[in-house]
Amino acid sequence: MSGPEGRNTIELRNVTRWYGNVVAVNDITMTIGPGVTGLLGPNGAGKSTVLHLTAGFLAPSRGELTVGGAPSWRNPEIYRTIGLVPERDSVYAFLTGEEFVRSTATLHKLADPAAATRRAIAIVDMAQAQDRKISTYSKGMRQRIKVAAALVHDPQVLLLDEPFNGMDPRQRLHMMDLLTKLGAEGRTILLSSHILEEVEQLAGTIQVIVSGRLAASGDFRAIRRLMTSRPHVFLVRTSDDRRLGAALIGRPAVTGVEVTGDGLQVRAADYGAFSRELAALTRDEGIRLRELLPEDESLESVFAYLVES
Amino acid sequence: MFNKVVASITLRAVFGRKRALLFALPPLVLILVTLVLKAARPPGAQWPGHILGDFGFSVILPLTALIIGTSVLGAEIDDGSIVHLLATPVRRSSVIVTKFCVGAVLTMAFVAVPELVAGLIATGGPSKLAAGLFVGALVGSVIYNAVFVMLSVLTTRAIAVGLLYVLIWEVVLGNFVSGARLLSVEQYSLGVANSIAHYHALNAGLTLSTAVIMGTIVTVAALIYGTRRLSEFSLKGDAV
């Protein structure tokens, strides 16, 4: 790959990784480009394995994996492009936060390690605690200093394994803002998380791994629309729910209607057809349509469907 | 090749752990035993060679080198903090060589210097024995650390494997099987020590040239293999 976009691109082609008889990642092909991509999956699905493969800390048993066109395995130069925030809490606890980030900057042979350190520590809002030993930090503070060390060399690709672990809500919001900003700058951010709410707000694209396989890839709303075997669920509020329900039940696009205390819950096999028919039907029946809410278009619902299947 | 940042972190990591206290114990024991024996003046003028050679080179030197050699890298691998070092462009050979150098220098400080001190005490002043023990211990510090740093990369049980090597291979087999001496760091050290001391009680089983050649081969091979394995350092994924 050439050009600035190619430099940030992570490519997996038929990547498989096994340990003895256990296949941790099974024939995954995907391309991850600039922006924030969420790597989702149940425990043991293979998310960390994919991250470690991408970070050059695991060799594919089969297939090819490149970052910016170069293999990450056995290639220390790749770390000029990649910044890694591992899940494990272990950091050099005897160092202060500033010493840890500055050591990393020096190992990257940056022209001005001190300035790069100040910048990275400011980005994660750790300036006040930078002179304390890391052993005195809370878990959330350790996460933030790890992020600072991963950012100190201004990498184009950032890999984060469960970055929100140990963070309080305010720190999570700050981290989400930071990652959003970095993604908007054209960097490739790949994060693995089981906190769906954060990924839903943060990631434009998701890669869902289930039992080592890539179950789905792309925008989660688009993924939901492709799940044609599962009826879409809507909540409809109108001026006469019961009359609308009676009219809807006869439509081919509708597979079920339930009158609830909160409105009309409608199951529709065809998202597009239902949306068009609803507008026409309410107009013809003289019913005022107040609200139409998709009830299972959240990332949580999409994820649950994918894991179940 | 030698990286100051890696060296600084390694030194601070080694002395920041409680096991650093263990470094000081063996050499203290060696000096204390020497002082006691010197005062007691046991019959047989060969006791310095037995104590400082047999005890010093078969117990104190390898065990101290084992504790130090596995601390400089093994502890970081065990707790996972090594990832932060390896996720930088620093060459793996630089990591291995730097940690080996730190380990070797620490072992020299905690074993070779006490051997010299004990030798001076035992012989009542500067002597070929004291000089030989010092140089032999310097050589042993270098070779043992190369082996134990390599071992730290190969296995999480480096201390157990190292102990097996020292106790079974060097102490037991090395004394009864002449071929085993060719792969014994203790014998390399004693060979060099004896080439200066010319002291029969050291029980050196190898000539100087054999000791130097084999010691060099073992050191270089250990560092090269350790570098190769560190280049393939893997983080376990979800399945394991």
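This is a predicted model: local features need pLDDT of at least 70, side-chain atom pairs count only at pLDDT 80 or more; totals for chains, interfaces and linings use all residues.
**Setting up.** I kept in mind that local features need pLDDT of at least 70 and side-chain atom pairs count only at pLDDT 80 or more, while totals for chains, interfaces and linings use all residues. Residues are numbered from 1 along each chain as its sequence is written, and chains are lettered from A, ligands numbered from 1, in the order in which they are written.

**Entry 1: where the chains meet.** I looked up the contact (C-beta atoms, placed from the backbone, within 7 Å) and found 32 residues from chain A and 25 residues from chain B. On the chain B side, helix H1 (4–16) and helix H5 (82–86) each supply at least two residues. Helices here are DSSP runs of H or I with at least four residues, strands are runs of E with at least two, and both are numbered from the N terminus. H1(B) gives the largest share of that side, five residues. I then sorted the chain B side by class: 11 nonpolar, eight polar and six charged residues. Nonpolar means Ala, Val, Leu, Ile, Met, Phe, Trp, Tyr, Cys and Pro, charged means Asp, Glu, Lys and Arg, and the others, Gly among them, are polar.

**Entry 2: a helix pair in chain B.** Next I checked helix H3 (residues 47–71) and helix H6 (residues 92–123) of chain B, which pack at about 165° with axes 10 Å apart. Axes are lines fitted to C-alpha atoms, for helices over the stretch in contact, and angles run from 0 to 180 degrees between N-to-C directions. H3(B) is therefore roughly antiparallel to H6(B), a label for angles over 145 degrees. Residues in this contact include B:Gly56 and B:Ile60 from H3(B), and B:Gly103 and B:Phe110 from H6(B). By class, I noted 11 nonpolar, seven polar and one charged residues.

**Entry 3: the sheet in chain A.** Strands pair if DSSP finds at least two bridges between them. Strand S3 (residues 35–40) and strand S8 (residues 188–192) of chain A pair in the parallel sense over five bridges, and A:Gly38 stands opposite A:Leu191 in S8(A).

Note on methods. Two residues are in contact if their C-beta atoms, placed from the backbone, lie within 7 Å. Angles under 35 degrees count as roughly parallel, over 145 as roughly antiparallel, 65 to 115 as roughly perpendicular and the rest as oblique.
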